[in-house]
Amino acid sequence: MSSSKEVYIVIGGSGFVGRHIVQQLLDRGDIVSVLDIVQRHHDVPFYSADITDQSQVAAALRKSGTTCIIHTASPPAGLKDEALYYRVNVDGTKAIIAAAVETGIRKLVFTSSAGVVFDGSDIIGADERLPPPRVPMDAYNDSKAKAEAAVLEANGKGGLLTVALRPAGIFGPGDRQVMTGLYQVYERGQTHFQIGDNTNLFDWTYVGNVARAHLLAADKLDASPLPLPPSNPEKVPASLDEVPPLSEEETSLIIYPLSSIDLTTGYHRVPTSDARPLGPYVTPPHNAERILSAFKDPNPGPSSRPVVRTRFDAFSPHSLAESKLLDSSKSPLQVAGQVFFITNGEPCYFWDFPRTVWHHLDKYFPGHRKGRGIFTLPKLVGMAAASASEWVGWLIGKEPTFTRFKVTFSCATRWHNIEKARRVLGYEPQVGVEEGVQKMVEWWYAEYEAGSHRTAH
């Protein structure tokens, strides 16, 4: 890891995620500037540039003295102009890579999207080995996948180290997509409608957690990867018996137990022989007081339960050895050249999230919502209605608000395995989903009130 002080530039630093990254860098005393097309904040140096123009980007990198690029710039999802996604996300990212190599930049952290692996079907605990679909879901995710591939391909070229992060369902203060859409539904009195049966788990990620993941990735991007065990380059091990043992360092990384993520649900102790409720008994055991005390201890310390790895998971000795044989320059235990899913680690039923938002809005608009039962529209009926809506929209030349994509999005199971980010980046969510929703609604209402006062005057 480099010992000299990094100089950061956040491309897209005026945007939602980018601004949170800038703020966290400032909070820890780092040197940071912003490259964007619009300046919304004036607390850091700002450079205006078209990211598809390599010369403009290179000029900003030189002038700012950048050593690490964090690239978050992208048009928002859901735009009609598909060509814009490819121009900004693909051509722009390639221009940034070229400018980074030209100016001798050492690090590039890229904001990808968990959506790059989504094709409309369910995603259940998928890890980073799941490839993008052959037929992309939409232009936004297709362009993100192509940009991500370019970033990973650039790793190691011209001295540049790269990493891509795939956040899922980003929300929080500063969000003008999710929150705006949910408020419009609330304002129209449509919160009692539901598409699907709400049994599909979905990943939402608080923006502050996403920003923290970017800082961790930047910090660890040039850390030396742990060496993988020597193996026979002529043959991929056919069984665990043929895999050489892992080093002590590697074993300590993949075997230690990860604690449960319970920021929203609260901690729930797993009963063991040494710590458990006593239950019914005639005569209490001799160590009853110690057993019960251990179960009620709010700070039990790290788990001593062993981690059992199978040959099918990403961190089994077999998988690590196989990855080394397939590509000696890449190891799942390093940051450079890798992708990481970033989520809150607290998947929830899809419609529970908006209902939590609407519940918090009720505090600011008492009496706005009337008590109504939930009207559930089955997915197949929703798809038929969305198809009709799209057809009518095409007929009258107006963009439909109800689409098949939205039905698919709200009915699919989509949650991801973040073990790799937790073990390799040291990423742990700091703000839970419920607390994050509260922070987002509080921010939104402050903006709403400020806007109302401006209109009144």
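**A first look around**

Let's start with Thr 52, which sits in the loop between strand E3 (46-48) and helix H2 (54-64). Keep in mind that this is a predicted model.

**Thr 52 and its surroundings**

- Thr 52 has a relative accessibility of 26%, so it counts as partly exposed.
- Which residues does Thr 52 touch, once those up to four places away in sequence are set aside? They are Arg 87, Val 88, Gly 92 and Ala 95.
- Take Val 88: it is 36 residues from Thr 52 in sequence, yet the two C-alpha atoms are 6.5 Å apart in space.

**Helices H3 and H4**

- Helix H3 covers residues 82-103 and helix H4 covers residues 139-153; their axes come within 9 Å and cross at roughly 10°.
- An angle under 35 degrees counts as roughly parallel, so that is how H3 and H4 run relative to each other.
- On the H3 side, the residues that meet H4 are Glu 82, Tyr 85, Tyr 86, Asn 89, Val 90, Thr 93, Lys 94 and Ile 97.
- On the H4 side, they are Ala 139, Tyr 140, Asp 142, Ser 143, Lys 144, Lys 146, Ala 147, Ala 150 and Val 151.
- Sorted by class, this contact between H3 and H4 has nine nonpolar, three polar and five charged residues.

- Lys 80 is in the loop between strand E4 (68-71) and H3.
- Is Lys 80 buried or exposed? With 68% relative accessibility, Lys 80 counts as exposed.
- Lys 80 and Glu 399 are 319 residues apart in sequence, but 8.5 Å apart in space, going from C-alpha to C-alpha.

- H12 spans 404-411, and its buried residues are Val 407, Thr 408, Ser 410 and Cys 411.
- Among the elements covering those buried residues of H12 are strand E9 (193-195) and helix H11 (379-396).
- Thr 413 is found in the loop that links H12 to strand E15 (414-416).
- Thr 413 counts as buried because its relative accessibility is 13%, and the cut-off for buried is under 20%.
- Beyond its neighbours within four places in sequence, Thr 413 is in contact with Ser 121, Asp 122, Ile 123, Ile 124, Asn 200 and Leu 201.

- Most residues other than glycine have a negative phi.
- Asn 198 has a positive one, near 60°.
- Where is Asn 198? Asn 198 lies in the loop between E9 and strand E10 (201-202).
- Asn 198 is buried, with a relative accessible area of 12%.

**Cysteines**

- How many disulfides does the structure hold? The count is zero.
- Cys 348 is in no disulfide, and the nearest cysteine sulfur, in Cys 411, is 15 Å away.
- At 17% relative accessibility, Cys 348 counts as buried.
- Cys 68 is buried too, with a relative accessible area of 0%.

**What the record says**

- An unreviewed UniProt entry lists "domain: 3-beta hydroxysteroid dehydrogenase/isomerase" for residues 9-223 and 318-362.
- Over residues 9-223, the chain is 39% helix and 19% strand, with its end C-alpha atoms 20 Å apart.

Conventions. Residues are numbered from 1 along each chain as its sequence is written. This is a predicted model: local features need pLDDT of at least 70, side-chain atom pairs count only at pLDDT 80 or more; totals for chains, interfaces and linings use all residues. Side-chain values use heavy atoms; hydrogens and water are left out. Axes are lines fitted to C-alpha atoms, for helices over the stretch in contact, and angles run from 0 to 180 degrees between N-to-C directions. Helices (H or I, at least four residues) and strands (E, at least two) are DSSP runs, numbered from the N terminus. Angles under 35 degrees count as roughly parallel, over 145 as roughly antiparallel, 65 to 115 as roughly perpendicular and the rest as oblique. Contact means heavy atoms within 4.5 Å. Ala, Val, Leu, Ile, Met, Phe, Trp, Tyr, Cys and Pro count as nonpolar, Asp, Glu, Lys and Arg as charged, and the others, Gly among them, as polar. UniProt positions are given in the numbering used here, feature names are shortened, and annotations may be inferred rather than shown by experiment. A disulfide is a pair of cysteine sulfur atoms within 2.5 Å. Buried means under 20% relative accessible area, exposed over 50%, partly exposed in between (1.4 Å probe, protein chains only).
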